[in-house]
Structures are given as structure tokens and as C-alpha cells.
Amino acid sequence: MRALAFKARVLFATRFAEMAEYRAEVVIWMLSGTLSLVMMLVWMAQAAAAPGGQIRGYSAPEFATYFLSTWLVSQLLVVWVSHELDFQIRQGTLSPQLLRPVDPMWLHVASHVAERLVRIVPLLVMVGLFTWLSGASFTREWWAYPAALGLAALGFSVRFLYEYAIGLLAFWTESSASFQEVVWLVYAALGGMFAPLAFYPEWVQRVAVWTPFPYMLGLPAQLLAGKATLAQAGRGALVLLVWLAVFWVVRLIVWRVGLRKYGAVGA
Amino acid sequence: MTGDRGGAGDAAVRVRDLRKGYVVHEKEPGFLGSLRSFVSRKSRVVEAVRGVSFDLAPGEVVGFLGPNGAGKTTTLKMLSGLLHPSGGEVRVAGFEPGRRENAFLRQITLVMGQKQQLIWDLPALDSFLVNQAIYEIPDAQFRATMAEFTEVLGLEGILKKQVRKLSLGERMKCELAAALLHRPKVLFLDEPTIGLDVNMQESVRAFVQDYNVRHNATVMLTSHYMADVTALARRILVIDRGEVVFDGDLARLAEQGGGGKTVRLQLRRPATPEELGRFGSEVRVDGLSAELTVPRALVSERAAALLAELDVADLTVEDPSIESVMASLFGARAGQAGQPERTPEPA
Amino acid sequence: MRRYLRLVRIFVGATLSAQLEYRANFLGAVLASLGEVGVALLGISILFGQPGVTQVGGWSFREALLVTGFFMLTEGVISVFIQPNMSKIAEAVRTGNMDFTLLKPIDAQFNVSTRNLNVLRFPDLLIGLGLIGYAASGLEVTPGGALAAAVLYGSAVVIVYCIYLGLSTTAFWFVKTQNVTELFSGVFGAARFPVAAFPVPVRFVLTFVLPVAFITTVPAQALTGALGGGLALASPLIAAALFLGTRWFWRYAVASYTSASS
């Protein structure tokens with residue numbers, strides 16, 4: 001157990017140092033995910049032009065709050081592990097990692113978590129700036145913040161696992177990147193990046209509630225905007241836990257079967 | 001040492017007082033260092049090539065030697081027009097390389113052993129077709145050249161395999177073919193055999209030699225493998241710290257470098273290095289065999305003395321190997337005090 | 001000129017056959033293209049699906065769909081023609097293979113801009129054109145409008161190419177430039193809606209600071225005949241200026257590469 005903690009600490013520290021080297025890139029990655037911000041501007045203009053100054057009960061500042069929140073949460077959910085796995089499997093650089101007495105997944109977990117820490121300071125600065133520019137106002141209920149953070153952490157874990165499984169598809173196909181893109185689109189759409197989920201056509205909403213996406217992105221954003229209750233947060237957490245279990249098993253199976261294939265064909 | 005090889009007017013390559021200086025920025029390691037160099041960058045000029053002059057006659061093959069960082073690659077890049085000289089004059093095939101005129105580029109080629117231009121996912125033949133279009137090679141000439149290269153390099157059967165499936169040696173053969181497809185008159189070969197096994201080195205050498213003879217092409221070659229140089233070049237240029245320190249025949253380099261001959265002995269009874277030291281310098285003893293260097297003028301005298309005084313089974317006298325010549329040339333220089341550090345090669 | 005056309009043909013042939021090596025990817029790519037268009041349509045229909053909303057920034061649904069069509073088409077142009085070439089510039093500088101490009105007796109900018117194609121994303125082009133066609137079928141489009149749109153879209157493509165080339169050319173000095181082009185694709189995301197859908201200050205930035213408006217909004221306006229003379233004239237002028245500017249920048253980069261500082 002102590003050995004494990006030591007391993008984890010060393011792993012994490014080196015990944016943190018590596019990510020700190022990439023700090024300029026981290027900021028650029030943050031700025032390149034603009035979909036939420038574009039939608040925020042469009043909806044704000046729409047609300048301002050609408051009679052009564054609001055659409056479905058959202059005024060311009062409320063749209064600003066919602067979309068800034070989705071932007072903030074989506075920044076916490078960033079996962080790039082499938083690209084990395086795709087690359088490693090195709091270039092054969094996965095092999096040396098297999099020789100080490102630790103599942104390579106934990107290396108990736110460490111670098112993702114470390115990157116989050118590097119990201120947090122510029123992220124808060126930017127959220128502050130955008131809040132000031134757009135007139136957004138976040139909730140004053142203190143419990144909403146730990147609840148949103150908890151959902152984001154669960155959401156990240158779910159996303160990490162399914163992205164990992166997608167990356168492992170590179171054992172069989174050259175187009176795991178395309179699958180990753182499709183899944184990203186579904187995540188963005190059903191997560192509520194285009195609008196709060198209530199704005200979607202009803203059949204889309206009915207499909208969405210069966211997926212993990214609204215609970216990992218839209219729900220924490222609604223919490224921050226003061227438009228969701230603690231009970232909803234609790235239900236969301238339960239759904240995410242179920243999905244977490246599902247993807248944990250899926251990832252494990254894909255990994256085992258994939259390794260057998262890798263071993264048979266060779267790097 | 002130059003000028004006696006062909007008049008300056010019809011030289012294939014003519015270099016006068018060629019210079020190249022780089023500005024290098026220095027940075028202390030670590031984050032604070034980065035910060036400091038961000039505020040005030042320390043920089044200095046490093047002279048990679050300082051005043052090099054030589055001529056190459058058409059059809060001549062020259063080995064271009066020197067330790068790492070001596071300025072070989074920098075010089076080749078200036079000759080091929082990839083780098084602009086900071087001083088001096090260069091003419092290659094009658095052109096000024098730095099202007100990179102199309103007519104000039106069709107006359108030359110640069111082969112870099114560690115880099116490759118073939119399209120990775122396609123058979124090499126496709127890359128050749130691309131080069132045919134780029135260099136506007138007429139179909140008839142293309143076919144003739146391909147036939148010639150296929151025969152000399154043994155490309156039969158590998159032209160239609162994807163490049164990524166070729167072995168390193170096969171890939172290098174294709175690289176060479178791609179680089180020479182347009183029948184350049186001047187070849188710059190930078191480590192063309194690096195990483196290849198002995199057989200492959202042999203066939204690359206044979207190919208370059210054949211091309212040189214067939215097309216009367218001028219070849220300038222750098223290599224870490226002395227065998228490349230001794231097999232191909234009769235003339236050697238040695239460059240060290242940006243200056244030409246030797247220009248002449250291979251044989252003369254041996255004389256100049258060691259100033260002596262190597263005497264190899266097979267003894268019947270072991271002798272100590274002290275005993276042998278009376279006959280020559282740089283004594284090496286390994287069991288019953290021994291090696292020592294004897295001044296050229298004294299070879300016969302010393303050989304007679306050795307035979308008379310020791311129990312010698314066999315005695316041979318050889319020119320020193322080019323490796324040992326280079327080692328003694330640069331070993332001696334490296335001992336000098338206050339020498340500036342080696343200049344970095346451009347990436 | 002004829003020679004360069006011939007070269008384009010040879011390059012296209014080579015890159016096409018290289019990609020047929022990986023034909024299994026085609027399915028995945030088609031899936032991604034369909035997903036892309038599905039999500040774009042979802043986005044715009046949510047926007048127009050709200051009670052009481054019939055127009056966004058003065059644009060009807062059909063008109064806005066036209067912009068979405070140009071957006072998809074441009075995404076296609078970028079991923080088929082532009083990105084595959086531009087991403088190789090940084091790689092070639094890093095590995096030193098740029099040396100080979102500079103030693104070839106053809107224009108180096110032409111060479112780096114035309115060597116590669118990503119056929120897999122070809123469906124994006126068709127989807128974009130299909131969307132434009134569908135949206136236009138419900139609008140009144142004159143032949144003159146169509147012609148103007150085609151010309152203006154031509155200059156839009158030149159603008160996009162120049163921005164990418166300019167950003168990628170910085171690779172001669174900075175090694176990691178892929179991120180800079182990422183940044184542009186982030187900004188380009190705003191082109192999925194007509195600029196009129198944005199608040200006024202943002203509209204100003206998207207027209208005069210970052211020429212995003214000229215990429216999708218202006219050609220769409222030309223098609224519906226709603227384009228003012230000023231913007232119609234500005235687009236080719238900006239394209240020409242950017243082209244000359246990036247050409248100069250490219251040559252400057254190559255010159256300083258060959259008189260290398262590192």
C-alpha cells in the first residue's frame with residue numbers, strides 16, 4: 001500500500017513537471033474549445049432582440065451564466081487519451097510501457113490530473129474575465145460548487161474511461177480518431193453545449209436522459225447557474241456512477257482482448 | 001594546395017574564402033534561466049566555417065573529412081544553396097548556389113543519410129514519378145536512367161514494394177536512386193552509408209563509383225566510414241574547426257598525418273614495451289604480436305635492427321590506417337591549449 | 001503554368017494512392033462527416049425551434065442554413081486541401097526534410113501547398129454543397145447572385161489558405177505550431193452562424209479584425225442578393241492583400257531559414 005502511494009506520488013510529480021513545460025499549449029487548448037462561447041454570444045444576442053428580453057425564461061445574462069458554466073465544466077472534462085493511445089498503438093511505442101509493472105492507464109490518469117492543476121489558474125482568470133465582459137452571475141448557494149465539482153470529477157472519470165476504450169480501438173482499426181470525433185459530437189450536443197437541454201426537441205431530450213452526457217456537462221453547469229437542485233445533483237451522480245461501472249468493465253475487456261490481438265500480431 | 005587541379009574557369013565547384021557564422025543564444029537551464037534569457041538574451045557569433053577555399057574539377061571525387069562539428073555539413077549546405085554564406089564566394093556548376101535557380105537545382109543533388117524524401121506509404125516507384133515531374137525528366141531518359149539504376153543498385157523487385165516495408169538498406173538504395181534520377185552533374189553526399197551493414201555500404205559505394213564514371217559527375221562525400229572514402233576518393237579535404245587543414249592525395253595524408261610507417265611484428269618470444277620502445281614510438285603489445293610506428297626515413301634501418309635483436313617470426317611495414325592518421329591529426333590538435341569549443345552543426 | 005498543372009495532377013495521384021492504402025478508414029470518416037452535419041443541423045434547429053423565433057439576426061432559417069452549408073463546405077476545404085499540407089510544414093522543418101523541398105527546382109510554396117490531400121474528408125465537401133443547394137432551393141437566387149457567391153467564395157478560400165499558411169510558416173522559428181492553427185479553428189467556429197447573429201461588438205471583430213465574416217456570411221449574402229457593394233469589393237481585396245502578404249512572409253521565412261540562425 002505504501003509502495004503504491006509512493007509510486008502514485010512520483011508518477012504524479014513527473015507528470016506535473018511535464019505539463020508545466022506545456023503551459024503555453026495548455027492555454028491554447030483552452031482557447032480552442034470555443035463552441036460554448038460562440039453559442040453564448042448567439043443566444044445573448046437572441047435574448048436581447050426578443051420581445052421581453054428573454055427566451056424561455058433566460059435573459060441575456062442568464063444565457064451568459066449557463067454557457068460560461070458549460071465552458072468551465074467542459075474545460076475540466078478535457079480528455080485526450082484516445083489520441084495518445086491511437087498514436088502509441090500505431091507507432092508501436094506502447095510496447096515498452098507494457099514491460100512495466102503498472103497498467104499504463106495510470107500514467108495517463110496522472111498526466112490528465114496534473115494537467116488539470118496547470119490549467120486551473122489561467123482557467124479561473126479567463127472565467128473571471130469573461131464573466132466581467134458578459135455580465136454573467138453565478139449562484140450564491142455554497143453547496144452548488146462542491147456538488148458541481150463532484151459531478152465534474154465523476155463526469156471526467158466516465159469520459160476518461162470511454163475515451164480510453166475508443167483509443168484502444170486502434171488495435172483493430174485505423175479510424176479510432178473518427179469514432180472519437182463522432183463521440184465528441186454526441187457529447188457536445190447532448191451535454192448541452194448548444195443550449196440548455198430544455199431547449200432541445202423533445203425526442204432528443206428523451207434520448208439524452210439515458211446517456212451520461214447531460215449529467216456530466218449540462219447538470220453541473222445548471223448547478224453553477226443556480227438552476228438545478230441538490231436532489232437533481234444527487235440523481236445525476238447516481239446515473240454517472242452506474243455509467244462509471246459500465247465503462248470500467250468495458251475498458252477492461254477491450255484492453256484484455258486488444259492486448260491478446262497486439263501480442264498475436266506484434267508491434 | 002589548391003589551384004593545381006583544373007583551371008578556375010572550368011571547375012565544377014569553386015570555393016573562395018567561404019565563411020559562415022551563426023548567432024547562438026545562450027540560456028541557463030531551468031525556469032529562472034528561461035526567464036532571464038527572456039529579458040536579456042545573451043548571444044554570440046560562432047564561426048562554423050572560416051575561410052575555406054578549394055576547387056573541384058569536373059568528374060573529380062573528393063572525400064570530405066573532419067571531426068564532428070568541424071563544419072562539413074554547413075559547407076555542404078552552402079554548396080547546395082540551403083545556407084547562405086556570410087562571406088566568400090561559391091560557384092557550383094557555374095551558378096551561385098544561394099540564389100537557388102531552377103537551372104542550378106537541376107544540376108545538383110544532396111543526399112543526407114539520415115533523412116529521407118521518399119513517400120512512406122507508397123512504392124518507391126511513385127516517388128520516382130513525382131521526381132520525374134518535378135525535374136521535368138523526359139520519358140525516354142527516365143526509362144534509361146531507371147534501367148541503369150535498377151541494374152547497378154539491384155532494385156529489381158523492391159521498386160513496387162511500399163517504402164515502409166523496405167529494409168533500411170533497400171530504402172537507402174531507393175533514396176539514392178531518387179536523388180540521382182535527374183542525372184545531376186554535382187553530387188553532395190552527406191553520410192550516405194550511415195547505419196548500413198557492410199554489404200550495403202559496398203553496393204552504395206559501387207553505385208556512386210559507377211555513376212561517377214558513367215556521367216563524369218563531380219562527387220563530394222563525407223563519411224564516418226573510412227572505407228567509403230578510401231574506396232571512392234583519391235583526393236581528400238580535411239576540415240577542422242571551420243578551416244581546411246589538408247587538401248591532397250590520400251597517400252599524402254598518410255605521410256603528413258603520422259609522418260611514419262606502421263611496423264607490425266609477430267614474435268616468437270614476448271617482448272616488453274620498453275624493449276620495443278627503442279625502435280619506434282606508439283608501441284602496442286598484445287601477447288606475441290606488436291605494433292610500432294617508425295619514422296619513414298628510418299624504416300629499413302630499424303627493421304634490420306629489429307630482426308637482428310629480437311626473435312621475430314614475421315615483420316610487415318604498412319602505411320598507417322586513415323583512422324589512425326585522423327586520430328593523430330586531431331588528437332595532436334585537441335591537446336593544444338585555449339582552443340575554442342566546437343561549433344554546433346545547424347539542425 | 002501548364003507544368004504546374006501537370007505537377008498538381010501527379011501530386012494528387014500520389015497522395016490518392018497513398019490513402020487507398022488505408023481504405024478501411026473511409027467508413028469512419030463518413031461517419032464523422034455525417035455526425036458533423038447532424039450536429040450542425042441540430043444546433044441551428046434548436047436556435048430556430050424556440051417559440052416565437054422566426055429569424056436570427058434578420059436571417060430566416062433557410063438563409064441561416066445557407067451559412068451552415070458554407071461552413072461545412074469550408075470545413076471540408078480545410079480538411080481535404082489545406083490542413084494536410086500545412087501540418088506537414090512544421091514536421092518537415094523539425095525533421096530537416098524541408099531541405100529536400102528547397103532543393104527541388106519548383107516553387108517551394110507551391111510544393112508545400114499541393115503535395116497532400118485528405119480524400120477521406122471528401123464527403124464534407126459534398127455535404128456542404130448539398131446543404132447550400134437545399135437551402136438555396138427555397139430561396140430566390142438569381143444567376144448573377146450565384147456567380148457572385150462563387151467568386152466571393154473563391155476569395156474566401158484564398159483567405160482561409162493564407163491564414164493557415166501564415167500561421168504554419170511560423171514553424172520556421174517555433175517548432176510547435178499545430179497549436180496556433182488550433183486556435184484559428186476555434187475562432188473559425190464562429191463562422192457556423194451569420195455574423196448578424198452575434199452582439200454588435202463581436203460582429204465588428206468578426207468582420208474587421210478576424211475576417212471570419214468573409215468566409216461564410218458574405219458568400220451566403222451574395223447568393224440571396226442581400227450583399228452590399230462595400231463587402232463584395234472588400235472580400236477579393238482582402239484575399240489579394242493576404243495572398244501577397246503571406247507570399248512575402250513565406251519567402252522571408254525561407255530566406256531566413258537558409259541564412260539560418262539555428
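From the N terminus on, the elements of chain A follow the order α-α-α-β-β-α-α-α-α-α-α-α-α-α in this predicted model, giving 12 helices and 2 strands. Helices here are DSSP runs of H or I with at least four residues, strands are runs of E with at least two, and both are numbered from the N terminus. The radius of gyration of chain A is 20 Å, close to the 18 Å from the globule rule for 267 residues, so chain A is as compact as a globular protein of that length. That radius is taken over C-alpha atoms, and the globule rule is 2.2 Å times the number of residues to the power 0.38. Along the principal axes, the C-alpha trace of chain A spans about 65 × 40 × 30 Å.

Residues are numbered from 1 along each chain as its sequence is written, while chains are lettered from A and ligands numbered from 1 in the order in which they are written. As the model is predicted, local features need pLDDT of at least 70 and side-chain atom pairs count only at pLDDT 80 or more, whereas totals for chains, interfaces and linings use all residues; side-chain values use heavy atoms, with hydrogens and water left out.

Of the 267 residues of chain A, 51% count as buried; buried stands for under 20% relative accessible area, exposed for over 50%, and partly exposed for what lies in between (1.4 Å probe, protein chains only). Chain A exposes about 12,400 Å², with 70% supplied by carbon and sulfur atoms; these areas come from the Shrake-Rupley method with a 1.4 Å probe, and for residues only the protein chains shown count as cover. Among contacts (heavy atoms within 4.5 Å) in chain A between residues at least 6 apart in sequence, 80% join residues at least 24 apart. One residue worth a visit is Arg159(A), found in helix 8 (residues 144–168) of chain A. Arg159(A) has a relative accessible area of 4% and is therefore buried. Not counting residues up to four places away in sequence, Arg159(A) touches Leu77(A), Val78(A), Val79(A), Trp184(A), Tyr187(A) and Met216(A).

Chain C has 11 helices and 0 strands, in the pattern α-α-α-α-α-α-α-α-α-α-α along the sequence. Buried residues account for 54% of the 262 residues of chain C. The accessible surface of chain C comes to about 11,100 Å², and 69% of this belongs to carbon and sulfur atoms. In chain C, residues 24 or more positions apart account for 80% of the contacts with a separation of 6 or more.

For chain C, an unreviewed UniProt entry places the feature "transmembrane region" at residues 26–49, 64–82, 119–139, 151–175, 195–216 and 222–244; the positions are given in the numbering used here, feature names are shortened, and annotations may be inferred rather than shown by experiment. Residues 26–49 of chain C are 96% helix and 0% strand, with end C-alpha atoms 34 Å apart. Residues 195–216 of chain C are 45% helix and 0% strand, and the end C-alpha atoms of this span lie 9 Å apart.

Arg121(C) sits in the loop between helix 5 (108–114) and helix 6 (122–137) of chain C. Its relative accessibility is 12%, so Arg121(C) counts as buried. The side chain of Arg121(C) makes a polar contact with the side chain of Glu181(A) (3.3 Å). Such a contact is a pair of N or O atoms within 3.5 Å; within protein, one must be able to donate a hydrogen and the other to accept it, and residues adjacent in sequence count only if both atoms are side-chain atoms. Leaving aside neighbours within four places in sequence, Arg121(C) is in contact with residues including Glu181(A), Ala29(C), Glu36(C) and Val80(C).

Chain B contains 12 helices and 13 strands, and 49% of its 347 residues are buried. Chain B exposes about 15,800 Å², of which carbon and sulfur atoms supply 51%.

The largest nonpolar core has 196 residues, and those with the most contacts inside it are Trp43(A), Leu79(B) and Met98(C). Helix 3 (residues 61–95) of chain C provides the largest share of this core, 17 residues. A nonpolar core is a set of buried Ala, Val, Leu, Ile, Met, Phe, Trp, Tyr and Cys residues joined through side-chain atoms within 4.5 Å.
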